[in-house]
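Thanks for coming. Please have the sequence and the structure open.

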Amino acid sequence: MSWGHIRANWKQFQRYAKIRWDRLTDEDMARIKGHREALIACLQERYGYAHERAQEEVRDWEHHL
């Protein structure tokens, strides 16, 4: 799935993101607003991931949707 589709339909996909990463809050979801880099930043903050690890997580999630 393309990130453009995820971004355009973020309200739908944020539910799946919260299932995958349960430490993300509703405030995080509102801050992300479908922006890939914002999701990566939130994963770094909530999970302590390095930037590369957060990118891999997002890439994997995106490809499995």
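Let me start with Glu57, which sits in helix α5, residues 51-64. Helices here are DSSP runs of H or I with at least four residues, strands are runs of E with at least two, and both are numbered from the N terminus.

Before going on, the ground rules. This is a predicted model, in which local features need pLDDT of at least 70 and side-chain atom pairs count only at pLDDT 80 or more, while totals for chains, interfaces and linings use all residues. Residues are numbered from 1 along each chain as its sequence is written, and side-chain values use heavy atoms, with hydrogens and water left out.

Back to Glu57. Is Glu57 buried or exposed? Glu57 counts as buried because its relative accessible area is 14%. The cut-offs are under 20% for buried, over 50% for exposed, and partly exposed in between, using a 1.4 Å probe and protein chains only. Apart from neighbours within four places in sequence, Glu57 is in contact with Arg20, Trp21, Leu43 and Tyr49; contact means heavy atoms within 4.5 Å.

Now the core. In soluble globular proteins, nonpolar side chains tend to be buried together. The largest nonpolar core in this model has 18 residues, and the members touching the most others are Trp10, Trp21, Leu24, Leu39, Leu43 and Trp61. A nonpolar core means a set of buried Ala, Val, Leu, Ile, Met, Phe, Trp, Tyr and Cys residues joined through side-chain atoms within 4.5 Å. Two or more residues of this core come from each of α1 (3-8), α2 (10-20), α3, α4 (36-47) and α5. Helix α4 gives the largest share, 5 residues.

Leu43 deserves a look of its own. Not counting residues up to four places away in sequence, Leu43 touches Trp21, Leu24, Gly48, Tyr49, Ala54, Glu57 and Val58. Glu57, where I started, is on that list.

Next, how the helices pack. Take α2 and α5: their axes come within 12 Å and cross at roughly 120°. Axes are lines fitted to C-alpha atoms, for helices over the stretch in contact, and the angles run from 0 to 180 degrees between N-to-C directions. That angle is why α2 is called oblique to α5. By the cut-offs, angles under 35 degrees are roughly parallel, over 145 roughly antiparallel, 65 to 115 roughly perpendicular, and the rest oblique. The crossing of α2 and α5 is right-handed; a crossing is right-handed if the near helix is turned clockwise from the far one by less than a right angle, and left-handed if anticlockwise. On the α2 side the contact uses Trp10, Phe13, Tyr16, Ala17 and Arg20, and on the α5 side Glu57, Asp60 and Trp61. These residues divide into 5 nonpolar, no polar and 3 charged. Ala, Val, Leu, Ile, Met, Phe, Trp, Tyr, Cys and Pro count as nonpolar, Asp, Glu, Lys and Arg as charged, and the others, Gly among them, as polar.

The other pair is α4 and α5, whose axes come within 9 Å and cross at roughly 125°. At that angle, α4 is oblique to α5. The crossing of α4 and α5 is right-handed. From α4 the contact takes Arg36, Glu37, Leu39, Ile40, Leu43 and Gln44; from α5 it takes His51, Ala54, Gln55, Glu57, Val58, Arg59, Trp61 and Glu62. The division for α4 with α5 is 6 nonpolar, 3 polar and 5 charged.

Met1 is in the segment before α1, and is partly exposed at 40% relative accessibility. Leaving out residues up to four places away in sequence, Met1 touches Ile6, Phe13, Glu62 and Leu65.

Lys33 lies in the loop between α3 and α4. At 57% relative accessibility, Lys33 counts as exposed.

That is what I have.
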